[in-house]
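Subject: Structure for you to look at

Hello,

Here is the structure I said I would pass on.

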Amino acid sequence: MSDSQIPSRGPLPEPLEVSQIPPSELAPEVKPEEESRSSALLREITTSNALLSVLAVVLALVAGAILIAFTDEDVQASAGYFFSRPSDLLTAAWEAVSGAYSSLFQGAIYNFRADNFQAGIRPLTETLTFATPLIAAGLGVALSFRVGLFNIGARGQMLVASAAAGYVGFAWELPTGIHLIVAVLAGILAGALWGGIVGLLKARTGAHEVIVTIMLNYIAFYLISFMLRTPGLLQAPGSNNPKSPAMLPTAVLPDLLGPRYNLHLGFLVVLVATVYVWYLLNRSSLGFQFRAVGENPNAARVAGIKVKNMYLYAMLLAGGLAGLAGVNQVLGTVTTGFSSGIDAGIGFDAITVALLGGSTPWGVFFAGILFGAFKAGGFAMQAGQGIPIDIIVVVQSLIVLFIAAPPLVRSVFHLPAPGTKRRSGRGKSGKSGTGTSAKPTKSAKAVNQ
Amino acid sequence: MTTVTHTPHSTPEPLEIVRAKSWKVPITLGVFVVIAILLFVVLGRDGTSLFRLSTAADVIQIPEIPIPTREACAVIVVLLAILAALSAYLVQSGRRVPIALIAGFALLFLLAFLIWASAGATLPVTALLVGTIGLSVPLIFGALGGVLSERVGVVNIAIEGQLLAGAFTSAIIASVTGQPLLGLVGAMVAGTLVSFVLAAFSIKYIVDQTIVGVVLNVLVLGLTNFFYSKVLSPNAELLNSPPRFERINIPVLSQIPIIGPVLFRQTIIVYLMYIAVAAVYFALFHTKWGLRVRSVGEHPQAADTVGINVNGTRFWTVSLAGALAGLGGAFLTLGSVGAFNKEMTAGAGFIALAAVIFGRWDPIRATFAALLFGFASNLQNVLGIIGSPVPSEFMLMLPYLVTIFAVAGVVGQVRGPAAAGKPYIKS
């Protein structure tokens, strides 16, 4: 057992690294971008992140197509006589894949079979509706990533927020306008408190945030389940189902584009939240401190930043943003009463959204819309083509994997690697970064092959 | 916790005498004493609790033990208060609270809870413990996989994915071949494949390991759900009806009261689990290979300078870890449930991850942490049958609450392998 004590020497900081890293390394992400802008146009295009992102999506869709084709019954049938008539197999595969992806597109963006534009554009508004909670929760997760906290607790934060906002929404009778605001604030506050527990425990006791968030997810789930089946708490009166009553009309987020569409005010709220998080991270003193702690907590501590407080504030904000996602669910999407599955997997999708968005506010915003489109289209594909919506999950995770590994995508498409200038600049900090590095895709980009 | 304990004391330094008094343990224990007083005294229950220690199949039958509920609870609460006061005294006088005291406190609290909850009923202790093993096996295998890969410096969030892949593959292979042993091999291969992806992305492409892990979980979940809906459930007879392992009674040992039925009337996967725990512990701490693995996880540069192939060691150790986690998945289909279901791991991989950190990256401690989770889940099942005074949701919440208390109050700032999560780039 004596050997086993090697790694438990105690939480020694790494003093060498602190002194090795100059203060300019604290916010290094601006400089390398500018350098690459001076290179040739073609090189710019072939090595740009936008192209890589598009190619990553293409690769993931190809992988999804292969899965769809392999599991299609017509394809399997025609594979039985492949050598006598190979064209049948190809036709069947093409039909399966094109049918799937065209219904995905029509379910997510524009329905060509609709009679008029108003009906045709409905899928796009559905996409935005699905994207709304994804963006909100994704912002929360991304914010905590930037502080170096690996927060997987969006699910629990959403559940608690749903319960709080929902309770205010159906139980309190307040005037129009005020009711909605109070309900939204109650939800955000509840989510912030639930996230704040994590920050507090991390700051005061050093408890590992991964464990605490996982545990709080389960605790929130069972707590909500209990409240939903207990009369007088959240359960609808006169019902035996674990489900809450419907929201009062005064607490429901109003429709943005009229009753034809499901898109509600929540989308605008989330847009404002995105701008706020952008402002917070990039323009405010608090955001600078957040990023400094995320890049290197030891250096931040030396620089006089109260690291522990940053953990607490970041988790409060992250919880509030995830809470906003929960609010959107109960007051916007499912207003007829909620059950314990109200989070609908958004809490975990938020992690992938944050990763895909590179933990930047606008990146999360567009990643959320992309995932919202996949979700809206996935339901259409499931209904129309009988392809399980789980294929969407596969495609989404592949996209994140490919985007995180630019060298892989480059080698698949035989693209040139970008110049070695960036390598020396960022390689060092990539090595010394923490395991839960805030800007994962950046550090991965740093060491181009 | 173990901040300054084993610095050599050859030359006494004045700095060593000054120690920060940590009041976390006494405060945590105090909170639990208050809970105990509220629950067991204020809300005390009358009656007699019967503890049944034997099963019908036992050769040696132990009579059921009757315990007067209120009196026993009162005695234990007093003992708990004494232990909490003792810990406060130890901290006050500048000494460390021994882990045995905390463990004793936890056991007493548990005993009081069992007595309190089973007032006026019979608690089948053996069934409680047998179920505990059953629920813990996937957690233990997952935790072993987690310990191995984190010790070599690769953060393994993908345990959930490895478990799920193992469960899925073992169900299909065992169904098609009719050989559960082949299913076991298939599960190991599947877990290894998930690990290959984790290793390739985190070692070759230097993607943040946590990201790869999270994404792999989602990917495996999506793939297994997709194939389940599209392929497995239409052909359930052919593809998803694996034969289950039979229980093997070990002669003599299985006749020991309590221990026998719990530990030695199990399936082959459980026996493999015993071997795996011992093997991982021995290999990590008593072999040359283990020393290399730990050195790569602690200080890859140093390991490289003495000629250890850092990335190669990482790759193969992570693969081995995946194989172990895959075995845990196989237990779900071939040992307990008997068929693959969508999302059947239900977060077990994350619990295993918590067990790894809770167990401070030590295979034995992680195993005990996993057993604790298994026990708490099964306690809820058993108390649900005999009529629990606590709403079932709170019982289900219990393991997670206890973990938070333990992590925040007792374990505190744990430190994993120093280089875990950091890619090694040879310069």
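What follows is a summary of what was found, going from whole chains to single residues. Please keep in mind throughout that this is a predicted model.

The two chains

Chain A has 21 helices and 0 strands. Chain B, in turn, comes to 17 helices and 5 strands. Of the 449 residues in chain A, 52% count as buried; in chain B, 52% of the 427 residues do. Among contacts between residues at least 6 apart in sequence, 74% of those in chain A join residues at least 24 apart. The corresponding figure in chain B is 77%.

For the overall dimensions of chain B, the C-alpha trace spans about 70 × 60 × 40 Å along its principal axes.

Helix α5 of chain B

Helix α5 of chain B covers residues 125-151, 27 residues in total. From first C-alpha to last it reaches 36 Å, close to the 39 Å expected at 1.5 Å a residue. Where is the kink in α5(B)? It lies at S136(B), shortly before the proline P138(B), and amounts to about 40°. Of the 27 residues in α5(B), 22 are buried, so this helix is largely enclosed by the rest of the structure. Just after α5(B) comes G153(B), with a positive phi of about 100°.

One residue to look at in this helix is V125(B), which has its place in α5. V125(B) has 20 other C-beta atoms within 10 Å and is therefore buried, the cut-off for that class being 20 or more. Apart from neighbours within four places in sequence, V125(B) is in contact with F51(B), R52(B) and L53(B). As for P423(B), 298 residues away from V125(B) in sequence, the C-alpha to C-alpha distance is 47 Å.

Helix α14 of chain B

Helix α14 of chain B runs over residues 310-337 and has 28 residues. Its reach from first C-alpha to last is 40 Å, close to the expected 40 Å. A kink of about 35° is centred on F331(B) in this helix. Why can α14(B) be called largely enclosed by the rest of the structure? Because 23 of its 28 residues are buried. The helix is followed by G338(B), whose phi is positive and near 95°.

T345(B) sits in the loop between α14 and α15 (348-358) of chain B. With 29 C-beta neighbours inside 10 Å, T345(B) counts as buried. Beyond its neighbours within four places in sequence, T345(B) is in contact with E160(B), L163(B), L164(B), A167(B) and L332(B). Q162(B) is 183 residues from T345(B) along the chain, and their C-alpha atoms are separated by 10.0 Å.

Most residues other than glycine have a negative phi. Two residues of chain A are worth checking against that background.

A344(A) is a residue other than glycine with a positive phi, near 50°. It lies in the loop between α15 (307-333) and α16 (346-356) of chain A. A344(A) has 16 C-beta neighbours inside 10 Å, so it counts as partly exposed.

H414(A) is likewise a residue other than glycine, and its phi is positive, near 55°. Its loop is the one between α19 (406-413) and α20 (421-432) of chain A. Is H414(A) buried or exposed? It is exposed, with 7 other C-beta atoms within 10 Å.

For a second look in the viewer, I would go to the kinks at S136(B) and F331(B), and then to the loops holding A344(A) and H414(A).

Regards

Conventions
Residues are numbered from 1 along each chain as its sequence is written. Chains are lettered from A and ligands numbered from 1 in the order in which they are written. This is a predicted model: local features need pLDDT of at least 70, side-chain atom pairs count only at pLDDT 80 or more; totals for chains, interfaces and linings use all residues. Helices (H or I, at least four residues) and strands (E, at least two) are DSSP runs, numbered from the N terminus. The expected span of a helix is 1.5 Å times one less than its number of residues. The bend at a residue is the angle between axes fitted to the seven residues ending there and the seven starting there. A residue is buried if 20 or more other C-beta atoms lie within 10 Å of its own, exposed if 12 or fewer, and partly exposed in between; C-beta atoms are placed from the backbone. Two residues are in contact if their C-beta atoms, placed from the backbone, lie within 7 Å.
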